[in-house]
Amino acid sequence: MVDVLVVGGGPAGRALAAACADTGLRVTLVDPAPRRPWPNTYACWRDELPTAVAETAVARTTSRTTAVGTRPHLLHGEYCVLDNPALRRLLHRDGIREVTGTVREAEHDTAGRTVRLRDGRELRAAVLVDASGSNRVLSGGRVDRVASEQTAVGAVLPDEHAERLVGAGRGVFMDWRQPPSNDDPWPSFLYAVPLPGDRTLLEETALARRPGLPLATLRRRLWARLRAAGVTAPGQPPEERVRFRLDDPVPERQRTVPFATVPFGAAAGLIHPTTGFSVAGVLQLAPLVAAALSDGLERDPVTAARDARSVLWPLPALTTRRLRLCAAEGLLAMPPRMVPDFFDVFFDMPPRKQRAFLTPLASPRECREAMTELFNRSPWWLRRRLVVGGLVGPAS
């Protein structure tokens with residue numbers, strides 16, 4: 001029997017598995033395809049990354065990142081795209097046993113936890129970590145509700161082709177100017193970041209919708225946007241497709257998590273409900289959760305899991321999440337024509353206030369101050385929508 005069994009081999013699962021191994025715990029990681037490359041592009045601000053990641057697993061950066069509502073705003077800070085293979089190497093530990101398999105069920109008894117795989121094999125551990133994403137295979141299963149989803153379709157083009165749209169050496173955090181299209185009125189934006197190998201990802205993104213905007217709609221908009229800018233693609237460029245849930249509840253609050261189980265990553269509700277960012281947050285939290293598990297296991301597995309969950313969701317973090325969920329609902333209720341004006345106001349705020357809302361681990365005070373600043377800067381017609389939509393108000 002090992003100390004910790006991690007289910008899920010994405011960035012969250014591997015980050016926590018590595019951090020647990022660093023404390024001396026015996027760790028097994030289970031995933032249906034543990035060697036499968038991570039297909040998505042992960043990006044964040046450099047100052048959100050642990051030092052080791054910032055120094056060794058950043059693929060490309062840009063300090064000229066813009067956001068556009070109806071007009072451009074230059075964002076402060078260095079925006080980084082992570083090198084997925086380098087990040088995997090950084091999170092590799094020789095002592096971690098990797099098992100290829102799909103979890104069917106878990107059984108808890110006084111002697112420990114038994115995980116049964118679909119092929120009949122059994123694995124035992126003192127504590128289980130559910131890093132299976134929104135499937136939540138150890139934490140009560142996938143939440144049965146229509147979730148708010150972020151969806152996106154991107155094309156990877158050589159830099160010289162993408163520069164006509166985004167400029168040389170620049171990134172686009174979001175550009176809400178709409179491509180020529182008469183389809184679904186729900187708004188979407190262009191996201192553009194530099195990739196290794198002198199390539200650029202150009203991605204049409206629907207920030208949040210319940211349910212998510214169809215990928216086919218986003219694909220049509222992306223190519224309409226590129227054609228309007230005179231951007232051509234050599235051959236058939238690689239395509240990135242994105243769909244994930246933003247507002248699944250924290251499992252701990254559902255009381256569906258067995259006592260010696262720790263949800264982590266998306267399974268724990270650690271996706272930012274308005275931006276969709278999560279990787280920088282789990283990289284920051286993994287060593288803290290691992291330390292709680294290591295200390296707690298000196299007493300008993302239930303204590304270890306309880307202490308680890310308390311690291312993830314102390315009361316201030318839950319309060320910040322509630323504020324952000326309120327903001328997300330306000331954005332969902334906002335008329336599409338007002339969304340670009342809203343983001344003009346947001347990106348006119350001081351950088352510190354912007355980041356207080358965007359960063360993964362802000363305090364409730366910082367988040368409230370940012371929301372209040374947004375309200376105070378808004379024209380009256382927008383203030384009314386913010387209050388009606390529940391996004392922000394004078395008492396925030």
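A search of the whole structure, which is a predicted model, finds 29 salt bridges. Among them are a pair between strands β16 and β12, a pair that ties helix α9 to the loop between β15 and α5, and a network of linked charged residues.

**Salt bridges**

- Side chains of opposite charge can pair when their charged atoms come close.
- R243 forms a salt bridge with E149, with 2.9 Å between the closest N and O atoms, and this pair links distant parts of the chain, since R243 belongs to strand β16 (residues 239–245) and E149 to strand β12 (residues 149–158), 94 residues apart.
- The two partners of that pair can be described by their accessibility: R243 is partly exposed, with a relative accessible area of 43%, whereas E149 counts as buried at 12% relative accessibility, because the cut-off for buried is under 20%.
- E329 and R210 meet through their side chains in a salt bridge of 2.7 Å, N to O, and here too distant parts of the chain are linked, with E329 in helix α9 (residues 315–333) and R210 in the loop between β15 and α5 (215–228), 119 residues apart.
- D119 forms a salt bridge with R121, in which the closest N and O atoms are 2.8 Å apart, and R121 is partly exposed, with a relative accessible area of 34%.
- A network of salt bridges links R104, E105, E107, R116 and E122.

**The sheet β3-β7-β4**

- Three strands make up an open sheet in the order β3-β7-β4, and their pairing is antiparallel.
- The edge strands of this sheet, each of which pairs on one side only, are β3 (43–45) and β4 (58–62), and neighbouring strands are turned against each other by 30° on average, direction ignored.
- Strand β3 pairs with strand β7 (residues 79–82) in the antiparallel sense over 3 bridges, and W45 stands opposite Y79 in β7.

**The loop between β14 and β15**

- P196 has its place in the loop between β14 (189–195) and β15 (199–209), and at 33% relative accessibility P196 counts as partly exposed.
- When residues up to four places away in sequence are not counted, P196 touches A59 and R60; the C-alpha atoms of P196 and A59 are separated by 5.9 Å, although these residues are 137 apart along the chain.
- D198 is also found in the loop between β14 and β15, and at 53% relative accessibility D198 counts as exposed, because the cut-off for exposed is over 50%.

**Backbone geometry**

- Most residues other than glycine have a negative phi, and most peptide bonds are trans.
- D198, which is not a glycine, has a positive phi of about 55°.
- R136 likewise has a positive phi, of about 45°, although it is not a glycine; R136 lies in the loop between β11 (122–130) and β12, and R136 is buried, with a relative accessible area of 0%.
- A cis peptide bond, with omega about -10°, joins R210 and P211, and P211 has its place in the loop between β15 and α5; R210 is also the salt-bridge partner of E329.

Notes:
Residues numbered from 1 in each chain as written. Predicted model: local features only at pLDDT ≥ 70, side-chain atom pairs only at ≥ 80, totals over all residues. Heavy atoms only, no water. Helix = DSSP H or I, 4+ residues; strand = E, 2+ residues; numbered from the N terminus. Buried < 20%, exposed > 50% of the residue type's maximum accessible area, 1.4 Å probe, protein only. Contact = heavy atoms within 4.5 Å. Pairing = 2+ DSSP bridges. Axes fitted to C-alpha atoms, helices over the stretch in contact; angles between N-to-C directions. Salt bridge = Lys/Arg side-chain N within 4 Å of Asp/Glu carboxyl O.
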